[in-house]
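Please open the structure in your viewer and keep the sequence panel beside it.

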Amino acid sequence: MKTIGQILRSEREKKKLTLDDIHKFIKIHPKYLNALETGDYLVFSDKTHAKGFLKIYAEFLGLNVSEALAFWRREFEAEFDKNISKKPANSFKVLQE
């Protein structure tokens, strides 16, 4: 099954565009565009940040934004859950003495 990153990259390459080319049009730094294409969601400050950039990028490429978001939700939530489970159980406890 293709990932949203693979879909974005494939569509960008079909249009013969670089990340820098896209940056000039939509003003999203290539670092974030690359993160969307590689699935590196830790680059984003939060879920809303990543989702907003994905919507703009997908629309620019002429993709169905609803479908792109559905792919992204499946991947992001899985990635987010994986990263949350790596945190120590007591990382949010207040130490009492």
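Predicted model: local features only at pLDDT ≥ 70, side-chain atom pairs only at ≥ 80, totals over all residues.

**Confidence**

Before looking at details, colour the model by pLDDT, which averages 85 over the protein, with 79% of the residues scoring at least 70. Then select residues 87-97, where pLDDT stays under 50 and where the model has one contact beyond four places in sequence.

**The whole chain**

Show the surface next: the protein exposes about 6,700 Å², and carbon and sulfur atoms supply 54% of that area. Of its 97 residues, 33% count as buried. Among the contacts between residues at least 6 apart in sequence, 57% join residues at least 24 apart.

**The nonpolar core**

Hide the surface and select Ile4, Leu8 and Tyr57, which have the most contacts inside the largest nonpolar core, a set of 24 residues. The elements that give two or more residues to this core are α1, α2, α3, α4 and α5, and the largest share, five residues, comes from α4. In soluble globular proteins, nonpolar side chains tend to be buried together.

Stay with Ile4 and display its surroundings: leaving aside residues up to four places away in sequence, Ile4 touches Tyr41, Leu54, Ala68, Phe71, Trp72 and Glu75.

**Glu75**

Select Glu75 now, which lies in helix α5, residues 65-85. Is Glu75 buried or exposed? Its relative accessibility is 15%, and because buried means under 20%, Glu75 counts as buried. A polar atom of the Glu75 side chain lies 2.7 Å from the backbone nitrogen of Ile4, and the residues that Glu75 touches, not counting those up to four places away in sequence, are Lys2, Thr3, Ile4, Gly5 and Tyr41. Glu75 also forms a salt bridge with Arg74, with the closest N and O atoms 3.5 Å apart; Arg74, at 40% relative accessibility, counts as partly exposed.

**Helix α3 and its cover**

Move to helix α3, residues 30-38, and show the side chains of its buried residues, which are Pro30, Tyr32, Leu33, Ala35, Leu36 and Glu37. What covers these buried residues includes α1 (4-14), α2 (19-26) and α4 (47-61). Just after α3, select Gly39, which takes a positive phi of about 75°.

**Salt bridges**

The model has five salt bridges by the rule used here. One of them is the meeting of the Arg9 and Glu37 side chains, at 3.4 Å from N to O, and this pair links distant parts of the chain, with Arg9 in helix α1 and Glu37 in helix α3, 28 residues apart. Glu37 counts as buried at 6% relative accessibility, whereas Arg9 is partly exposed, with a relative accessible area of 30%.

Next select Lys15 and Glu11, whose side chains meet in a salt bridge of 3.6 Å, N to O; Lys15 counts as partly exposed at 39% relative accessibility, while Glu11 is buried, with a relative accessible area of 16%.

**A last selection**

End at Gly52, which is found in helix α4 and counts as partly exposed at 26% relative accessibility. Draw a C-alpha to C-alpha distance from Gly52 to Leu69, and the two will be 9.9 Å apart in space and 17 residues apart in sequence.

Conventions: Residues numbered from 1 in each chain as written. Heavy atoms only, no water. Buried < 20%, exposed > 50% of the residue type's maximum accessible area, 1.4 Å probe, protein only. Contact = heavy atoms within 4.5 Å. Areas by Shrake-Rupley, 256 points an atom, 1.4 Å probe, with all protein chains shown as cover. pLDDT = per-residue confidence, 0-100. Helix = DSSP H or I, 4+ residues; strand = E, 2+ residues; numbered from the N terminus. Polar contact = N/O pair within 3.5 Å; in protein donor to acceptor, adjacent residues only side chain to side chain. Core = buried A, V, L, I, M, F, W, Y, C linked by side-chain atoms within 4.5 Å. Salt bridge = Lys/Arg side-chain N within 4 Å of Asp/Glu carboxyl O.
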